[in-house]
Amino acid sequence: MVDHFRVNRNDIFFILKNQLNYGSLCSLERYQDLKEEMLDMVVNEAITMARELVDPLQEIGEKWGVRFEKGKVFCPPEFKEAFKHFGENGWIGLARNTAYGGQGFPHMMRIVVNDLMYGACQAFNMAPSLTHGAAHLIENFAVENLKKLFVPKMYGGEWAGTMCLTEPDAGSNLANTRTTAYPAGDHYKIKGSKIFISWGDHDLTENIVHLILARMEGAPEGVKGISLFIVPKIKVNPDGSLGEPNDVLCERVEEKLGLHASPTCELNFGGNNGCVGFLCGLANRGLPHMFQMMNAARINTAVSGMTLAGTAYLNALAYAKARIQGQDVAGRKPGYVPIIDHPDVRRMLLWMKAMVDGMRSMIYTGAFWSDLAWELPAGSEERTHYHNLLDFITPIMKAYCSHMGFRVCEIALQCLGGYGYTRDYPIEQYLRDAKIMSLYEGTNGIQSIDLMGRKMRGSKGALFKAFRDELERFCITHEHHPELGKEVSILSVVLEKLTKVALKMAERMNSDPLQWASYTFPALMCFGDVTMSWRLLDLAIIAQGITDEGQGNPFHSGKIMQASYFVGTMLPLTLARLETCMRPGREIIEMSNQAF
C-alpha cells in the first residue's frame, strides 16, 4: 500500500475561499497581523506534509502496531520522528496563544490541518491532537506557574498529553467517577484507574501529561463533585526538569478492530500512593472545564469520519477509472469498459462525492463559526449568535459525520468488489479505523439525546432558533434562483417539517420521555440531512454563478449536480424519516426484554 492518502486540493479551497471567505477572519483583532495568503500557505504546507511525512506512517503503523512489554508501550520509530517534527515546526500549537509557544492562527486552521493529517494517518495524528487539547485546557484554566511549566513543552512536542475520563464501572456516566484526589500541600495525591485512554502510554516523548477527572475527598456526589487535575507520567521539578516516575502505570493495551498503531491503554494512578497531581481550574468544576476539550474532540471525531470517507472515495474513484470490466449496458462503447461507465458504480461514486463535500463544508462552516464565537467582541449579539450556532451544530457534526463517514467507507469498498475486501487496497483499513468514531466522545445515541434535549431547549430555544434562522435566510434568499430554485424550495419544505417535528419532540421530552428517547437518533440524522443539503446547495449556487460568468468547468458542474442529486434523492427519505419520529407505535418501549 503506497501513497494511500488522496485529497482534492480544489475542493478544500473552494469551501475555504469561495464559500466561507476564510481570509475575512484576518479582520478580527486577534488575527490582524495575518493575511489570507498566510492561511493559504498553512493549508498548502499541510497538504505537502500529509502526503510526504504522515502518509507513510499509515502502512508502517499497521504493520508494527504497538508493543507492550514490561509495563511500557513502544511505537514505530518513525512515529517518534514525526511527532518531533510536528512540535518543532509549530503544528501542535498552530492556533494557540503565542505567549505559550503557539503560532496564533485562527482556530479553524486546526480543523483544516486535522482534516489532512487524520486522512493521512488517523492513528498517528491522534497523538498531537490530544496533546494540543490537553495543553489548551491547562492554558485556559490552570494557574500561571502551571501554564508556564507544562504548556510550552507540550505545544513544542517535547511532552505529550491525554485526557482521562472513562473508568471501568462508569463508562459514559461520569457521575460515577471514583478516582480520588487527596490534598497534600500545594498538590494532591491521586488514586484510581482509567480505561480506554488513547495514547495513554508511549515512547514518542520523554513525558506524558494526563488531564484527569477525579473527586476530591468530601466532594459532592455526581458530576458537581468532579475536579480536573494535571498528572504527569514523570514528576516535573519547579525548573521544568524531570524528576522521578509519578506512580502512573500502564496495566494493559487494548486489542482493537482498527487504529492498531494507536495505543489504547488502561492506566493505574497511585497504586503505590506516590501519584501527584495539580488542580486545573476551580474545584468541583472539572466537568465544565473538560467539556472544552470534549467538544473540540467531538468536532475532531467528525473530521476523522469525514476525511477517512474522503480518501476512501477518491481511492474508489481512481480504481473505477482504471478497472476494466464488463460491457456498456447501453452499447455506447465497444468491448469492455472502465467500471466508472456502469450506472450503479456511478450512483455510488456520486453519493460518496456529495457526502464528502457536504460533510467537509458542514465541518469547515462550524470551524469558521468557532472563530466568530470566540473572537468577536465580548457581549455582542453577533458573538452570541455564532456561539449558539456552534453549540447546536456540534452534536450534529459529530454523530452525522462519524455515522455517514463509516457508510462512505463501506460504499467505497463496494466499488472495488472483491478487491476492496483485501489488504491490497487501503479501504478495508479505513473501514476498520472509522468505526470507532461513532463511539468516541459520547456515542452517537448520546449525541442525539444532547441535541434533541439540552440543545433544543437550551437558552430558551435560542440555539435552535439561531440554526433555523440561518437556513430560513438562505432559503428566502435563493428560492427563486433560476437554476437551483426548485432544490432550494424542496429544502425549505423539509426544513419546515423538521422544525415542527423537532419542536413537538421537545415537548414530548417531558410528557413522554421514553417515546422521545426512542426517536432522538433518527431526528438527529434528519438535522444532518438538512444541514448537508444547505451546504451543498450553497456550494452549487456559487459554482453556478461562476459558470454563468463563462468561467465554469467540470469541477463546477460537479458541485451543481451533486447538490441536485443529494436533494432529489436524500430529502424525500428525510421526510419519511421525520414521519417515523412522530409515529404513535410504542414497540421500542413496550416490547419485553424476553421478546428480543
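This section describes aromatic pairs, charges placed over rings, and salt bridges in a predicted model.

A search of the whole structure finds 15 aromatic pairs. In one of them, the ring centres of Tyr 319 and Tyr 425 are 5.5 Å apart and the ring planes stand at 85 degrees, so the pair is classed as edge-to-face. Tyr 319 belongs to helix 7 (residues 286-322), whereas Tyr 425 is found in the loop between helix 9 (381-415) and helix 10 (427-434); the pair therefore ties together parts that are 106 residues apart in sequence. The relative accessible area of Tyr 319 is 9%, so this residue is buried. Tyr 425 has a relative accessibility of 29% and counts as partly exposed. Elsewhere among the aromatic residues, Phe 79, Phe 86, Phe 124 and Trp 199 are joined into a cluster by ring pairs.

Rings also take part in contacts with charged side chains. The charged end of Arg 67 sits over the ring of Trp 64, at 3.8 Å from the ring centre. Lys 435 lies over the face of Phe 406, and here the distance to the ring centre is 4.9 Å.

The structure holds 32 salt bridges. One of these is formed by the side chains of Glu 428 and Arg 423, with an N to O distance of 3.9 Å. Glu 428 counts as buried, at 12% relative accessibility, whereas Arg 423 counts as exposed, at 62%. Both residues belong to a network of salt bridges that links Glu 62, Arg 423, Glu 428 and Arg 432.

A salt bridge also connects the side chains of Asp 450 and Arg 454, at 3.6 Å from N to O. These two residues are 4 residues apart in helix 11 (residues 444-457), which means that about one helical turn separates Asp 450 from Arg 454. Asp 450 has a relative accessibility of 11% and counts as buried; Arg 454, at 58%, counts as exposed.

In helix 12 (residues 462-478), Glu 472 and Arg 468 are 4 residues apart and therefore separated by about one helical turn. Their side chains meet in a salt bridge with an N to O distance of 4.0 Å. Glu 472 is partly exposed, with a relative accessible area of 34%. Arg 468 is also partly exposed, and its relative accessible area is 21%. The limit for a buried residue is under 20%, so Arg 468 is not counted as buried.

Notes:
Residues numbered from 1 in each chain as written. Predicted model: local features only at pLDDT ≥ 70, side-chain atom pairs only at ≥ 80, totals over all residues. Heavy atoms only, no water. Phe/Tyr/Trp six-rings, centres within 6.5 Å; stacked < 30°, edge-to-face > 60°. Buried < 20%, exposed > 50% of the residue type's maximum accessible area, 1.4 Å probe, protein only. Lys NZ or Arg CZ within 6 Å of the ring centre and 35° of its normal.
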